[in-house]
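Morning, everyone. I have one structure to go through, and I will keep it short.

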Amino acid sequence: MCAWLTHDPLDVPALLAEVAAEGCGGTAVFVGTVRRSAEDGEVVGIDYSGYEAMAEAEFDRIVADARSQWPDTRIALRHRLGYVKTGEASVAIVAAAPHRATAFHACRFIIEETKERVPIWKRERLAAGDERWVVPHGG
Amino acid sequence: MHVKVLVFASYADALGKGELALSFPPGATVGDCLAEVQRQAGGRVPPAPLVAVNRVYARPEQPLADGDEVALIPPVAGG
């Protein structure tokens, strides 16, 4: 039932296999990972939570938007929920198209729209043991 | 009419719960719902948060219907 969200580690080769097609000459991959640095403490991991039913629907709408803009594009993506350790991937997006420019455009569009629209939240865990909600600021 | 209100992440922490059941007279809007949540929350959630109705982003002037699922959405941070 959950097409886009997963609690499991991300499998980029599986996503590449989902979009593979003989008509596609370019495939763009974006992988977002949990990074260690924060302004005031070392991040050991992030708890991802979401309004899951709406997040799934919003991913449906984003992918539909991308397909309407770039009709020949094949798209696969997964976003993790639950605890993701520093260095692990939290989101992976793969876009394959006949030519590379379209693949790059579609992949970029999907990650930017994801950050803008999909109801998912991060709670950082710091090495000192503290936890805090992440307030987004365009990154 | 009866409306289910879902509250997430930092807003749920601030409110101490993630769900409210509210009732309104016919003709009530998303804005009326937000005002009632604000009254109950006593300033613990922002007065004009992002809102979704039935899993689609909505504006304050949108009318509500019986059985709607209204969600208060903190600034999203996916990716």
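Predicted model: local features only at pLDDT ≥ 70, side-chain atom pairs only at ≥ 80, totals over all residues.

Start with strand β4 of chain A, residues 41-50. Which strands does β4(A) pair with? Strand β3, residues 37-38 of chain A, runs antiparallel to β4(A) and is joined to it by two bridges. Within that pairing, Ser37(A) has Glu42(A) as its bridge partner. β8(A) is also antiparallel to β4(A), over seven bridges, and there Val43(A) is partnered by Leu126(A). Then comes strand β6, residues 82-85 of chain A, again antiparallel to β4(A), with four bridges. Here Asp47(A) sits opposite Tyr83(A).

Next, the two chains. On the chain A side 22 residues make contact, and they meet 14 residues of chain B. The elements of chain A that each supply at least two residues to this side are α2 (52-69), β7, α3 (100-117) and β8 (120-126). α3(A) gives the most, with four residues. By class, that side of chain A has 14 nonpolar residues, five polar and three charged.

Last, the core. The largest nonpolar core has 55 residues. Those touching the most other members include Ile93(A), Ala95(A) and Ile110(A) from chain A, and Phe8(B), Val51(B), Ala71(B) and Leu72(B) from chain B. Strand β7 of chain A, residues 89-97, gives the most to this core, with seven residues.

What does Val51(B) contact, leaving aside its neighbours within four places in sequence? Its contacts are Val30(B), Leu34(B), Ala58(B), and the run Val70(B), Ala71(B), Leu72(B) and Ile73(B).

That is what I have.

Key
Residues numbered from 1 in each chain as written. Chains lettered and ligands numbered in written order. Core = buried A, V, L, I, M, F, W, Y, C linked by C-beta atoms within 7 Å. Buried ≥ 20, exposed ≤ 12 C-beta atoms within 10 Å, placed from the backbone. Contact = placed C-beta atoms within 7 Å. Nonpolar A, V, L, I, M, F, W, Y, C, P; charged D, E, K, R; others polar. Pairing = 2+ DSSP bridges.
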